[in-house]
Amino acid sequence: MRYMTFAARNATGVELEKLHKMRLEWLEQADGDVFALAAHYPSGFHIPDHHHSQSQLLHAITGVAMVTTQFGRWMVPPHHALWLPAGIEHAVDMLGDVAMHSIYVRPDAVEGLKSHLHVVGLTPLVDNLIREAVAAPADVLADPRTTYIMGLLLHEIPNLQERPLGLPFPDDRRLAALCRGFLKDPSPHTNIDDWADRLGMSRRTFTRMFRRETGLSLSTWRQQACLLSALPRLTEGEPVTSVALDLGYNSVPAFTTMFKRMLGAPPRHYLHSAA
């Protein structure tokens with residue numbers, strides 16, 4: 001197994017842009033199964049649309065990375081990673097200062113690699129494997145320990161559990177316009193009848209169309225959109241109360257119940273565990 005590490009620290013915006021282009025060129029020319037790369041980006045930094053022939057496990061250690069594709073937007077808060085199958089065009093925006101680790105994997109490097117884009121929760125084992133892989137010296141061909149680390153990491157990636165932090169967008173223009181409007185002003189009170197009426201559809205027709213276009217029910221999509229709006233603010237230290245009320249929840253317990261149902265833990269415990 002061959003691989004390479006690549007790190008970038010304390011670079012300026014212009015230097016980061018050049019570094020990113022160099023990295024993409026290097027990745028396309030490199031011969032190997034897996035590559036461990038690290039980078040630090042300032043708040044507001046934008047990586048324009050690009051793609052690569054390797055699949056990518058994008059792990060934000062600090063800050064929040066927002067990834068945009070033709071299928072929708074995905075957010076990657078701390079303690080999570082985004083699995084990007086090879087060839088998908090995507091852009092990345094940094095919410096807060098972001099320290100990022102990326103593992104690039106040849107699509108056929110190991111059996112069981114997923115073919116769809118999704119966010120995963122990192123286990124303590126995978127989290128530490130990624131850190132060890134990025135910290136490894138560049139010349140690793142003669143390093144048995146690093147070879148074992150990368151091999152184990154490859155076999156653990158297919159076992160990572162998906163998390164509901166993706167937000168797929170519909171292809172239908174009218175429906176997509178409603179979804180974009182919701183992102184600008186998210187509310188837990190949006191209902192099927194309202195959106196169906198605005199599109200001139202019956203409730204049943206709208207429900208089938210929305211699930212066909214997004215793969216989700218409107219209720220689940222709405223909750224994920226609220227999480228997408230809430231997590232960056234919570235990560236930056238905003239009180240749960242203010243975030244919940246701004247999103248239109250009548251009480252903090254109602255917001256906490258939704259948060260726990262979607263992510264498996266209440267906000268305070270979840271963010272504490274992630275930290």
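Let's start with the area buried between domain 1 and domain 2: about 810 Å², with carbon and sulfur atoms giving 71% of that. Buried area here is the accessible area, with a 1.4 Å probe, that two parts lose on being put together, summed over both. On the domain 1 side, Arg73, Met75 and His80 lose the most area to domain 2. Together they make up 47% of what that side buries.

A word on the source. This is a predicted model, where local features need pLDDT of at least 70, side-chain atom pairs count only at pLDDT 80 or more, and totals for chains, interfaces and linings use all residues. Residues are numbered from 1 along each chain as its sequence is written, and side-chain values use heavy atoms, with hydrogens and water left out.

Now the domains. Domain 1 covers 3–162 and domain 2 covers 169–270, with bounds from an automatic or database domain assignment. Their C-alpha centres are 28 Å apart. Ten residues from domain 1 and eight residues from domain 2 form the contact, meaning heavy atoms within 4.5 Å.

Next, two helices, which are DSSP runs of H or I, at least four residues, numbered from the N terminus. Helix α2 is residues 124–135, and helix α3 is residues 144–156. Their axes come within 10 Å and cross at roughly 140°. Axes are lines fitted to C-alpha atoms over the stretch in contact, and angles run from 0 to 180 degrees between N-to-C directions.

Who meets whom? In α2, the residues are Leu125, Val126, Leu129, Ile130, Glu132 and Ala133. They meet Arg145, Ile149, Met150, Leu152, Leu153 and Glu156 in α3.
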